[in-house]
Every structure is written in structure tokens, then in C-alpha cells.
Amino acid sequence: MTRHAAITLVLAGSLFLAAFAAVACKSDESQAPASGAPATPALSPEAVAAAAANAENPFFKPYGTPHNVPPFDLIKNEHFLPAIEQGIRLEAAEVDAIVANRKKPTFENTIAALDRTGIFLSEANAVFGALQGANTNDELQALARKTAPMLAAHRDDIGLNEKLFARVKAVYDKRDTLDLGREELFLLENTYRDFVRGGALLDAARKARLRELNQELASLSVKFGENVLAETNAFQMVIDDKADLAGLPPSVVAMAAAAAKQSGLADGKWLFTIHVPSMTPFLTYSERRPLREKLHRAYFMKGDNGDARDNKDVARKIAALRGEKARLLGYASHAAFVLENNMAKTPEKVNEFLAQLWEPTLLKAREEVAALQALMDRDPKAGRGAKLASWDWWLYTERLRQEKYALDDSALRPYFKLDNVRDGIFALCEKLYGLKFIEKPDLPRYHPDVQVFEVREADGRHTGVLYMDFHPRPSKRSGAWSGAFRRASYEKGVRVPPISTITCNFTRPTADAPALLSTDEAETFFHEFGHSLATLFSQGRYRSRTVARDSVELPSQIMEHWVFEPELLAVYAKHYQTGETIPVELVQKLEKSQLFNQGFVTAEYLAACILDMAWHTAPGEAATDTRQFENQIMGGIGLIPEIVPRYRSTYFSHIFSGGYSAGYYAYIWSEVLDCDAYEAFEEKGIFDRATADSFRKNVLEPFGTEEIGAQYLRFRGSEPKIDGLLKNRGLEVKK
Ligand SMILES: [Zn+2]
């Protein structure tokens, strides 16, 4: 199974969740908080004036849209800054009101009250953050550079507010006497812990330094992401000699011709880029070895070219500042700081887990190298004595797959038309959970490519809205992720339905064919959909969620188990031209080839996990030279030169501009859970409604409202075992 660049916006930490991740808003427009109506006590004169001055800004008034979705047709770049500034003012006023309360601190007047702050800010910031990732422009990028340190300062103003912390601590200290429910206790403990982890117990000098570090880290993280995007867009490989298209299937040639045309190139030219849907097919089929090398090199040298977009120093500085911050807070390293909140708990545990998997993986990868080299030796076009390199891997893997299983990517793709895969996911969700998906072509969207669906329960009740944005654009960062314009919550006992998003970089349609996905892309789609299901089903009395990062891939990765199940393929995998269902022989070949290339896939992934941990466990500054550091770490584990880590440091957005620092291992850690959980379905039937109901009620709905271990136990009746994962990856140790 392929793991990929999924980033979710599920963040640990209740306090900070309110500030920049979760979003909530009343669904009832008549009482929408975004109206600037006096819902907040003690509005400052500035806030009142801003509301008056921004009467036309969509964030300052009820949206007036169906399901209260953001009115993208009205939102302009210039609306974000005033809205974010107003959000900061309003949340500060809300916090002041909690502090000014003369009554003794209680759960309700302090912890629950804090949970309700920052709604206006979340609303604007979630839309801003989503667009910055999926549809950015120079103005939004400049705005991100401005707002990132502003928001970091705002979070510190709350997290380091001594009077506020005194109230939180007062409630926390008497928690055993309060007779709180499970959810309340979980919220209280996490709120207190967030304050402590945010520096509340530090002396004044350390608090001041912490503020500086947070500012700098916020800016560097934005810079890192900007550089990766610019690097990804900067490289173009234009082919104007037909001979250089040797080996490429007509569909790939057509895609490159369309890309050239879109870029304004003259007829008779073909464009390849380092966006994955363009690069991978070229690496898979091109017989022009120097061109494969040129393309792959451009990809893995992203951010490492010594120019204005170079990320070597940015990465190094981020890691160093994180280390300093962790030590300031009393932790040995950034990893120790992060992992305290995860299931794994310590860096030692993670490293031990990774080491346990690394040995058998490397062995498997070496076997694969030998097989590919043998194939290459027999290839007259490879050049005499040529030694397999990273840019050869895709080509010879594809040929080996054809040889061993008579299975090839271009024969499969016609059965994985994007719309059919989507409908397959919808069908699966209906079988498991009774969900219905109704397309809403009239709802506002931020780009014409975006598809919008309303999600309903079996009984017709509204569950939420789902935005899906599938294809690459220069304005979109690479990878695939699920997020939300608004997360589910309750207002006065009424559920505020969520608006979830799925953003991908899948193969585009061409002039002659619709978007035909690779099997990896189909799997990614199922994955992101799983995150969205957790967002859509989310239930909890409070807005805050605290999810252990290393369990966050459970809802997503369990979905991957269904994608190639013959019973489901029969439902959705129809040929895009003939409508014919995928032939049984092809399904059987697909099943047989499931473990094929697992050494490579797992090795490139684990190498990136190990790199992440190395950056974040160093006791002092990890490196003075990023490239040298990376080489040293990769050399240390014996990574073979034919494999490049899935992400090199200079474009490892997960850890340097996303939420996965000291957490990239989360995918394979979660895999222990999802493989074990899926076995429950296999035992009862993969569409079993009772098992699905239990998974929804025990895991998805309360995700982030209590410890995952307890939730899992209620679903499965026993602790997860690692056996399923080893089997899934073909890594069982042969005794
Ligand atoms: Zn994911």
C-alpha cells in the first residue's frame, strides 16, 4: 500500500485548536456570530469601529448561503486581513471577559467558556488557510507572511496570560472533586496541559524568549512552504523532438501536449513537470534515461539548489529553534516534547518501532534492486553495464510487474475514472453508514474545478458539506490532504454541521479522455475520504479536539483496505468507454501483486520517518549543513543509493510546514490500528453494518474527545496487534 502526502488539519491541543485549526459557526444564520452583532461582552471601541467599517466584508455578516458555506463568490483577498484582525480582537475580548469574571473559577465559567472563544477568528482563518494551500496567489502569500507571526503572538497572549492560567489551574487542581463527565475531564486535562506546554509555568525571561521563538518559527514555516511551491512550479522539461517521447503511452503523450498548450507553448511541444501526475508516468515509461534522470533530479533537488528558494537553511533553523524551545520548556528534544502527547510517548519508543521495521524492509528492498538490475541488464536500451539508479526504479518496476503479473498501469487506469472512483467511495459509505451524497452545483466554490456535495444520513438528516478539489494547479501545494472550512460543534444544544474539504493533485483529464487515476491515486482518494468521514461524523459537546498525532491516520488508512476489494471493485471499477466491469482476471492480478514493490515503498517512507526523528531528537543543534546531515543519517541506516527518502529535508513539508514534525512515523504507527481494525470487518463481512456502526460510534464520532486507546478497545474488544501490519506490508519475519 502506498503512503502519501496527506496532511490533515486535526491538531492536538484544545486551546490552540480554537485559534487556528478547528472552525465552528452557528448554522442558524439569524444568530451567526460572524455578524459583528454584540454576542461578545465588552467589545472594544476598535472592534465596534472595525465592524462598522467592514459592513460589506462577507466575514462580518451572515453568509446567507445554503448550509452557511463560505460565500466564495463574494470573498476577496482584501477581506481576510480585517477579518483576522477582528477575530483576534474579539477573541482577546472573550478571554478578558473570562479573566474578569468575579465568580470563582468553575469548569463552566472557565474551561467551557474558553472552549467557546475565537469562533470568528477560526471561521476566517480556516477559509484563509484552505485557500492558501489550495488556491493561493501573491497577495495571499504576502498575507500569510504577515498573519503567521500575528497569530503566533495572539496565541501566546492567551497561552501566557497569567490570570487566565490561574483560573484554569484552580479548576484543574480540584478536578477530582468536580464529578466531571468523561468528556469534560478530558477537555480540562488537555486545556491545562496545553497551557503548561505553551509555557505558562516559565519565568518572565523564558516566556519572552518563547514568544520570540514562536514568532520566528511561524514565519520560517510559511517561508518553507512558499519555497517548496515555487520550486515545484519553476521546473519545466519541454520536449520538442518526438524521438524523446520513446516508450510513453499515447495517454501520457496527450497529457504532456495538453500541459504544453495550457502553458502557452507552441504546437509540437510536450511539457513535463515535477508535479507528481506529470512526473510519475514519465519515469514509469520513458526509454530516455538522461531525461528520466533530469526530471527525477529536479524533483529530489527541490529546495536544494543554492538559489533564493533554497530551503537548506530554513529547515536547519526550524529544527534548531524547535530544539531550543523544547529545552526551554524542560524537554530533552523537540521529539520528546511532541511525543509526550502521542500514543508512542517517547522518541525511544518510536525509534525502536522504526528500527524493528527497517531491517526486514531493507532486506526486501535489496532483493527488489537485484531483480530490477537483472531486468536492466537484459535491456538493450539501458546501456552496457548501467547500474540501477533512483530514476530507473519506476520504469523497471513497471516492467517487472508486467513480467510477473502481466499487469500494467495503462491497462488499469481506464477502470479508475475519477468520477467512478468517487462514486465507489459514495457507494461504500452508503453500504457502511447509510450515507447519501447529493451534488450541489449551485453552491459557491473557490475554483471551477471544485465539486461540492451535501452529505445526508440514511434518514435524510443533514450531516455536512464536502468540497473536493482534485487536480494540480500552480496555485496549489503538492500532495493530498483533508481539512475543513468549519468543524462540527454544538451551539446551545444544536449541532453545527461541518464543512469538510479534500484537496488532491490527481491526473488531469485530457482532450480525449476523462481523468483516469492510477491505483495509487485511487488509494489516496479513499484515504483522504476517511479523514473527511471523521470530520463529518464528529460529535462532541466541545469544539476542542485532542487527537494523538500517531492515531490520526486510523480513520483514513482503514478506508484504503476497501479500495481493491473485489466486491467493491465490482461496484465502481467500470471501463470509462465501454462501461464494462473490471475483468475478474485483472482483479486477481491486482490482488496477487499487492505486495509487489513493498520493499521500495516502505523503505523510502521509513527513511523519511528516520530523517524526521533525527532532525528532532538531537540534544543540541542537529546540523550546521543540511545536506551533510541528511547524508550522514541515511548512511547510518544503510539506505541504498537506488532509493531517495520519500521526502528530502528541503521539501519535507509535512515536518517543516505541516503538523507532522517528529510525527511522520504516524502513518505506519496508525497502520497497526487500521490493519487490526479492518480485521474486524474481515471477520464479520467487509460491508457489515453492525461493525461499521460500532466503528462510527466508538471511534469516528468521538475522535479527539478522549484517549484513542479507550475508544479503540470499545470498538475492537482487545488491544491492537502488529501482525496485521506486517502481513499487509509482507514484512513477516520468516522463522
Ligand atoms: Zn492522512
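**Figure 1. Packing of helix α4 against helix α8.** Helix α4 (residues 107-115) packs against helix α8 (residues 182-197) at an angle of about 75°, and their axes are 11 Å apart. α4 and α8 are therefore roughly perpendicular to each other (65 to 115 degrees). Phe107, Ile111, Leu114 and Asp115 of α4 make the contact (heavy atoms within 4.5 Å) with Glu184, Leu187, Leu188, Thr191 and Phe195 of α8. By class, the contact of α4 with α8 has six nonpolar, one polar and two charged residues. This is a predicted model, in which local features need pLDDT of at least 70 and side-chain atom pairs count only at pLDDT 80 or more, while totals for chains, interfaces and linings use all residues. Residues are numbered from 1 along each chain as its sequence is written, and side-chain values use heavy atoms, with hydrogens and water left out.

**Figure 2. Packing of helix α15 against helix α16.** Between helix α15 (residues 347-377) and helix α16 (residues 393-405) the packing angle is about 85°, with the axes 10 Å apart. That makes α15 roughly perpendicular to α16. Residues of α15, including Ala365, Glu368 and Val369, meet residues of α16, among them Trp393, Tyr396 and Arg399. The contact of α15 with α16 comprises nine nonpolar, one polar and three charged residues.

**Figure 3. The second largest pocket.** About 610 Å³ of space lies in this pocket, a pocket being an open set of points on a 1 Å grid where a 1.4 Å probe fits, with protein on both sides within 12 Å along at least five of seven lines. Its lining (residues with an atom within 4 Å of a point) has 25 residues, of which Ala259, Gln262, Thr273, Pro472 and Arg508 are the closest to the centre. At least two lining residues come from each of α9 (204-234), α10 (250-262), β3 (270-272) and α11 (276-285); α10 gives the most, with six residues. The lining divides into 13 nonpolar, 10 polar and two charged residues.

**Figure 4. The aromatic pair of Phe60 and Phe120.** The structure holds 49 aromatic pairs (ring centres within 6.5 Å). Phe60 and Phe120 form one that is edge-to-face (planes over 60 degrees apart), at 5.4 Å centre to centre and 75° between the planes. Phe60 lies in the loop between α2 (45-53) and α3 (77-100) and Phe120 in helix α5 (residues 119-134), so the pair ties together parts that are 60 residues apart in sequence.

Definitions and conventions. Axes are lines fitted to C-alpha atoms, for helices over the stretch in contact, and angles run from 0 to 180 degrees between N-to-C directions. Helices (H or I, at least four residues) and strands (E, at least two) are DSSP runs, numbered from the N terminus. Angles under 35 degrees count as roughly parallel, over 145 as roughly antiparallel, 65 to 115 as roughly perpendicular and the rest as oblique. Ala, Val, Leu, Ile, Met, Phe, Trp, Tyr, Cys and Pro count as nonpolar, Asp, Glu, Lys and Arg as charged, and the others, Gly among them, as polar. Grid points are joined across faces, edges and corners, and a volume is the space filled by probe spheres set on the points. Rings of Phe, Tyr and Trp (its six-membered ring) pair if their centres lie within 6.5 Å; planes under 30 degrees apart count as stacked, over 60 as edge-to-face and the rest as tilted.
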